[in-house]
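I set out to record what I looked up in this structure, entry by entry.

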Amino acid sequence: MNQNNAFKLKSKRYSEGWVSFLQDWMILILFVILVVVFSLTSSTFRTTNNIMNVLRQASFIAIVAMGEFFVILTGNMDMSISSIIGMVSIFFAGFAVTMGLPVWVAIMLVMLMSIVVGYVNGALVVHGKMPSFIATLVTMNVIKGIYFIYSGGLPISGLPESFNFLGAGYVGVVPFPVILMVIIAFLLYIVTQHTSIGRSFYAVGGNMEASKLSGINTNFVSIFAFVLCAALTAIGALGLTAKTLSGNVMLGEGLLFDVMTIVVLGGTSLSGGRGRIVGVVIGALFLQVISNMMVLVGINTFVQWVVKGVILVAVVLIDSNTKRD
Amino acid sequence: MVVAVGKHMDNIHMNTEKTSRQRVAKEKRPLIEVKNCTMEFPGVTALDDVSFTLVPGECHGLVGENGAGKSTLAKCIIGENRMTKGKIFVNGEEIKLSSYSIRESQSLGIAIVHQEFQLMSDMTGLENIFVGHYENKGPFIDWKEMRIKAAGIMDFLQCDVNLNIPVKRLRTAERQIVQLAKAVLNESKVLILDELTAVLQEKDIENIFRIIDILKKRGMGIIYISHRLDEILDCCDTYTVLCDGKHINTGIVKDIDKPQLIKMIIGRELKQVYMPINQNFGEKLLEVKGLTGPNAFRDIDLEVRRGEVIGIAGLLGAFKTELVHAVFGNHKITKGKIFVNGKEVKIKNPKQAIKLGIGLVPDERRTLGLDMLFDIKDNTTLPSMQRFKKWKLFQDHQAEAKAAYEHNEKMDLTYTSLWQNVKKLSGGNQQKIVIAKWMLRDSDIFLMDEPTRGIDVGAKFEVYSLINELTKQGKAVVLVSPELEELIGLCNRVYIMFEGEIMDVVEGERKTQEVIINSLLGINKNESK
């Protein structure tokens, strides 16, 4: 009995007090405050329509960010996601429209392509011992070159109407992309928190050498993170393509910055080993709510860039100054 | 500034006698005086009403267990921590605490040299010594002048270190000397050596002692923090013992002996340091034949049975660490065979080694042993994750916590929660977790690479009794250690390596300090072959 009590005492979470609890959930608290303030001040913001719109817009970028999250978690960085998005979009339309393949075959093919790109990224970093920043910058440009050669930079339109459901469909009042995002986030949450491969991502990012000496296949884990990132990016890209029903190489332009901001907003450490899927989802919603509000108020795109930049700097500053030792 | 060094050089002669060490200059004006220092961190009182005095020419040993407050006191003196209560006097003048900083302490001539390096590893020794204090000739750096001055300092320290190559290519001991040279250049009056020798071999420690002697004669005051009590007894004039943040005693080193010191440090008497070595062996667990690694060890033969502890001794450059890593699948092997349980095995990576029941306690606890972002539970269960599965897929957190709890309790770990980050634990407690990792994994062969490095006396003894306990359970232990006493007290057999080869194997009556030291230095190379 006594033994049992002692165990209970020592297995209590948040024994380090409310400060660490607050630090863990800071982004959620900020998000709630933001939403409450916006809802009280703007009557347009609080309509169901607008909120669903925000969720829908956040969902695909959140899925891409969840991919990037794994790469950053293992202490690397994937710069090639914007190119993967363009590649998936244009080749998907190419397969489905120009070559006339069934949609599901086209999906399989582009998923496979992305996974190959992810594997190449991972292999360059792990086996080629290249810094991930450089390796993925190279693949970014190579892919860009390839899809421009393929398409000449022109969009390919004429995807079947039924495919539109992925990007713009509704289940009741909830947009389908949101449901997809929730399902993926839930699955990835289970993976990160309740499986050994999930914990391996954290271990590799936290201390590569110690993980290796504890019997973790660190090469596999690092490469797997890149593959996972590419695959999730492909899903996001398909969703974005479905919205406009046309393959467009420019679809991923400028998304990298937003994705990085979201991952960092979500409390992910850029040096690896720390972060949560839930944080990434909240980060995506956070950024989208701010963009939405700026649109509602009528702030133009260029000012939005400035504001987003300031947010990223602020978050990184807060993170690096409150880091627990 | 270094002209002053030159003047001193003439007066200094190598003095091997320890007369100066025993002289305590009470009458001199203290360099540093700390009065009634109390240092409180949220929830912890790290120092409780501690007073401390350092006079010129004195080497003052600061001893105590991990967490006793030695480093905190040092940090208060250099201004890294701001004490909650108390006063500091430097050169007799009171310091205004509210504005005291590392910058100010540096300008007052207080320097600290850590065991971890504060050198820029890609810059040469010369650049490192002068960084921030470059000699200028007009707008340009005067390299020639700096080279002359550096040579003067090296002469003064009677050391020969190549200052023209990047410091990362220097030996550990040489890098320490570069750090000391930097302190000399800055004309420091007070030098704090924090665990400087923890990673050094005995020969190099002797050299550091010699330098300390030179610096003392120059009127410097030295605060010497170390876990190795023999060093305190050898090199210091006075000592101060801290325990749980409280001042226990201050006195003159020559008036005490080691057992007394240990008693003060841990607050109890240790009757027996080493328990009788287990002599009850089982079958051969691990055998290595003709193992050769590229540019490292050659033709290594060794074996260890159940219930046996074998030791590996060797100086720096003996490739002991490489050898155990090779057995663990983490270092290249070009030739040779490894047998586990009598069967020949090919170990390509640590994962395979772990499957075969081998566990490695690496020498670098912080960078190789633990994941500093992980909590206690996750660190303890890291190699055994696959054992705690629900429906073969999900991690069973509850079962993991229970197992981690049981093993850590067995190790007498001091902690508040299993979800506590390992970063804040003391070195001894961290090491216990590294060992608990492999106990939980049910490993049979424990490769321990300097398991007592940088941990306090109390924790050391706990590790010793743990090794003893392991042998009683029929485990096999391979122990690498720089401390001969430890090897002799714990091992059934000691393999002595010299520059990658096994020089000698000693057991029974031949297992003495003298025999081992001779082989360590490669002296009876021919005799043993």
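**Entry 1: a hairpin in chain B**

I looked up Lys35(B) and found that its bridge partner in β4(B) is Lys87(B). The model is predicted, so I note that local features need pLDDT of at least 70 and side-chain atom pairs pLDDT 80 or more, whereas totals for chains, interfaces and linings use all residues. Residues are numbered from 1 along each chain as its sequence is written, chains are lettered from A and ligands numbered from 1 in the order written, and side-chain values use heavy atoms, with hydrogens and water left out.

The strands concerned are β1 (residues 32-41) and β4 (residues 85-90) of chain B, which run antiparallel and are joined by five bridges. I take strands (E, at least two residues) and helices (H or I, at least four) as DSSP runs numbered from the N terminus; two strands pair if DSSP finds at least two bridges between them.

β4(B) is also joined to β5 (residues 93-94) of chain B, antiparallel, by two bridges. Val90(B) has Glu93(B) as its bridge partner in β5(B). I recorded two residues between β4(B) and β5(B) in this hairpin, and a positive phi of about 55° at Asn91(B) in the turn.

**Entry 2: the four-stranded sheet**

I traced an open antiparallel sheet of four strands in chain B, ordered β14-β13-β16-β17. β14 (300-305) and β17 (343-345) of chain B are the edge strands, each pairing on one side only. Neighbouring strands are turned by 20° against each other on average, direction ignored; axes are lines fitted to C-alpha atoms, for helices over the stretch in contact, and angles run from 0 to 180 degrees between N-to-C directions.

β16 (residues 335-340) of chain B pairs with β17(B) in the antiparallel sense over three bridges, and Ile338(B) stands opposite Val345(B) in β17(B). Helix α11 (residues 320-327) of chain B packs on this sheet, where it touches β13 (284-292), β14 and β16 of chain B and makes about 120° with the direction of β13(B). Contact here means heavy atoms within 4.5 Å.

**Entry 3: the six-stranded sheet**

I then followed a mixed open sheet of six strands in chain B, in the order β18-β21-β22-β15-β23-β24. Its edge strands are β18 (358-361) and β24 (501-507) of chain B. β15 (residues 309-313) and β22 (residues 476-480) of chain B run parallel, joined by four bridges; Ile312(B) stands opposite Val480(B) in β22(B). α11(B) packs on this sheet too, touching strands that include β15 and β18 of chain B, at about 155° to β21(B). Helix α16 (residues 427-440) of chain B lies across β18 and β21 of chain B, at about 175° to β18(B).

**Entry 4: the interface of chains A and B**

How many residues of each chain are in contact? I found 34 of chain A against 45 of chain B. The area buried between them (accessible area, 1.4 Å probe, lost on being put together and summed over both) is about 3200 Å², and carbon and sulfur atoms give 56% of this area.

The rule for salt bridges (a side-chain nitrogen of Lys or Arg within 4 Å of a carboxyl oxygen of Asp or Glu) finds two across this interface. One of them joins Arg199(A) and Glu400(B), at 2.7 Å from N to O. I noted that α1 (2-10), α8 (176-194), α9 (196-206) and α10 (208-213) of chain A each supply at least two residues of the side that touches chain B.

Technical notes. Buried area is the accessible area (1.4 Å probe) that two parts lose on being put together, summed over both.
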